[in-house]
Amino acid sequence: GMATEASAAAPMANGTAADDDGTVIPESALVPEGEAVVYEEELLVNPYSMKLWLRYLQVKTEAPFAQRRLLFERALKSLPGSYKLWNMYLRERKDKIKHKCVTDPAYEALNNTFERALVFMHKMPRIWLDYTRILWIQRKVTKTRHVYDRALRSLPITQHDKIWKQYLSFVKEAKVPEMACRVFRRFLKLEPNEVEDYVEFLLKHDQWNEAAALLAKALNRDSFVSRKGKSKHALWLELCGICTKHAPHIKNLAVEPIVRGALRRFSDDVGRLWTSLADYFIRLGHFEKARDIFEEGINTVLTVRDFSMIFDAYTQFEETMISAKMEEDGDEEEKDEGEDELEVEGDDLELRLARLQFLLDRRAELLCSVRLRQNPHSVHEWHRRVKIFEDQDAPDKVIKAYAEAVQTVDPEKADGKPHTLWVAFAKYYEDNDDLDSARDIFVRATQVKYRATEDLASVWCEYAEMELRHDNFDLALKVLHKSVSVSDKVAQMKDITSLPVQQRVWKSTRLWSMYADLEESLGTLESTKQVYDRMIDLKVATPQILINYGHLLEENKHFEDAFRVYEQAVNLFSWPLSKELWLAYLSKFTARYQGSKIERARDLFEQALEKIPAEERRVVYVMYAQLEEQHGLVKNAMAVYDRACREVSPAERFELYLLYINKATEFFGVTKTRPIYEAATQNVPDSRVKDVCVRYAQLEQSLGEIDRARSIYNYGSQHCDPSKNEDLWEAWNSFEVKHGNEDTFREMLRVKRSVQLQFTQRHVNATDAGVAIDAQGAAKRQKVASDMEALERAMMDQTMEQLAEEQSRSRGGDIIATGQEQVSAMIAAANADEIALDDDDDEDEGGGGEEAVGQKRKAQLGALNLTEKAVPAAVYGGFAEGGEQKGALERFKQGGTQD
């Protein structure tokens, strides 16, 4: 080949040269000129220098391709093993002919050039790949395949992956399935885990049998890992889908074992797998086998989703079979009677319709079975299953379902109340007039080891109620007596939790209550008392049971026995369970004996007060006091009220003090209520002190004790914030308008301002404390705020001291106020309640003169820190001597008239 191409570019006789593609090259173009002469001379000296040839080719970059081709040929003749020269040469040759048609002779010349290159470059995969691409462009399938094969034989196996990737792409594009299959099979011997590409190719060309076989073989290898990231689960489902959807084409695999293997492996897609397996037999025409598969799937799935999928497919299959039969019958009507080959089989259309209807009727039952397979201990589902059979009017199925339920449900694992199954089972026999079977069911039910005693107690109660419904009263009593029977050894045990439920059921108050009710209704008083006494001995009686016992004895005129029961009851139970017992005991005892056994009643009340908490004693104290009022001494009643007011909870003291005051007023008169009012002001909550003071002041006002009333208002004002509670201040204001003068009114306003300032200061201190707590985490901000607060307080203290000095110098006869009072007076300057009085009015007040004013000032200076002080006699002036006291409003009017 080299000789051929070398001679093709040799000079011709007529002074020209021809290229291998037929292009004629003038001889003048072959003669070196200029710089090329220098390279030619150097090449004569050193023709094997790679760098020299590359520089020469670079110089000839703009030269015609014919010159460069001759230059490449000369270089390759000297250096035939240079990959770089061959690669450059072949690339230029490809670029030269890429715009030509594939049938052009230049392509064949290029092929020959590649063949020449591969003589030396057969270990270079890039040359092989470029060659195969050129051949595929020419659509020479066979030759391309041969070149790929030669490449695989020539290259080491470590470089085969480069060839195979392009080789597989070629066989996919070549659209020759047989060739592709053979190539893929060869490739899988080298890379068996690349089977997915081959399977996809086979599926695309409808080669279902081989695709399924390869996929099954891959899945059987534990070391197989999908190169496309598919899980084993997805590949199994894909295999099952191929086998079932193309059943007639699968010859080499047993499809049913494969699908059943997937069913065992993967439980989350069993519905789809069962329908796929049934579809496989449907496509094969094995319809009865398909029905068996559907039935097996419905009876084995564990989820409602899978059940719905199989049931819908099953229903659709039956509907399709009916439609096919109807179409077949329609076609047969058009044929002659002699041509009917299926006549011997008979008309099975009605059978198919019956199958479909039977399937639809069983849907609820099958669905219930699915839920029971999920949780066989679900009591609710068993009841639902029985209800389905009852609606179908199938007694045999109902009894069978109940029997299966009570045998299957484990009481320890039951979801619900398992005893309801036994009760419903017995009730079914009872409704069908089979009492013996019902009793047998109840007897067996009482032997089951339930989790809770209440379950067994419910069974015994239902057993007794069944006997009562059929008027078997003696049997009912025997049943209940048997249910609560207990040995003395078990009754004396402290811990019975480890015993079986049958030995603990005697603790059930439900059984004892029903037993007592039946004895009360059907037995005698003595038998009933025995039942109640047995409950008390076993300590199973509740407060309500003992109250019922006492009520029973009272109805039968056994009062002392009833009180004995109450006495036992209050000793058995502590508070708060004994609350109703004490109230019932005390009320019934006082109603029965009234004052005949007063000392015993007092002892009962004292016992009750010892055992009842202080916050719950109010009702007992009231009952105690009423007993003393009606049947004892009034003095004792007052003592009880006084004791109650001191011992009950603070929240109830106000109401109790009002009751105490009303009773004292009723028995001793209003004058005897003063100590009670004084005690109330000390004991009631602060929020109620103002209410007590208002009532107390009104009492003193009604008695003409004006000074006492004013002092009471003054005391109560210390507990009443003027900005929130105005009742006391309005009452005091009305009182001063009616009974006071300018000085007393001014004193009231001063006290109001002082109290307002006290409450404001408390609020500010509380706010400061809260801010200090919240600012613990911010040290820098706290320091700045503290510095500024200290500066402001210092300035405020200085200002308040100056105001106090100026005020004391300017006002000789007025009340000296602190700096805080001055500030509050400035703030409250716009107060609507304040009466504007001239400063000079004090000098005209008469009576005391300067000496009285001086004494008043000393008294005020000595009492600056006191919250309460007596009003000096000089305050009243000449009005106090006149005998008749007039209000401030009348004196203002009189003064105005005189002026």
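This passage walks through the fold of one protein, from the whole chain down to single residues.

The structure is a predicted model, in which local features need a pLDDT of at least 70 and side-chain atom pairs count only at pLDDT 80 or more, while totals for chains, interfaces and linings use all residues. Residues are numbered from 1 along each chain as its sequence is written, and side-chain values use heavy atoms, with hydrogens and water left out.

To start with confidence, pLDDT is the predictor's confidence in each residue, on a scale from 0 to 100. The protein averages a pLDDT of 76, and 79% of the residues score at least 70.

Of its 899 residues, 42% count as buried, where buried means under 20% relative accessible area, exposed over 50% and partly exposed in between (1.4 Å probe, protein chains only). Looking at contacts between residues at least 6 apart in sequence, 56% join residues at least 24 apart.

Now for a pair of helices. Helix α15 (residues 270-284) packs against helix α16 (residues 287-298) at an angle of about 170°, and their axes lie 8 Å apart. Axes here are lines fitted to C-alpha atoms, for helices over the stretch in contact, and angles run from 0 to 180 degrees between N-to-C directions. On the α15 side, the residues in contact include Trp274, Leu277 and Phe281, and on the α16 side they include Phe287, Ile293 and Phe294.

Glutamate 467 sits in helix α24 (residues 453-469). With a relative accessible area of 2%, glutamate 467 is buried. Leaving aside neighbours within four places in sequence, glutamate 467 touches Arg439, Asn472, Leu475 and Ala476.

Finally, the cysteines. The count of disulfides (pairs of cysteine sulfur atoms within 2.5 Å) comes to zero. Cysteine 101 is partly exposed, at 46% relative accessibility, whereas cysteine 645 is buried, at 0%.

Note on methods: Helix = DSSP H or I, 4+ residues; strand = E, 2+ residues; numbered from the N terminus. Contact = heavy atoms within 4.5 Å.
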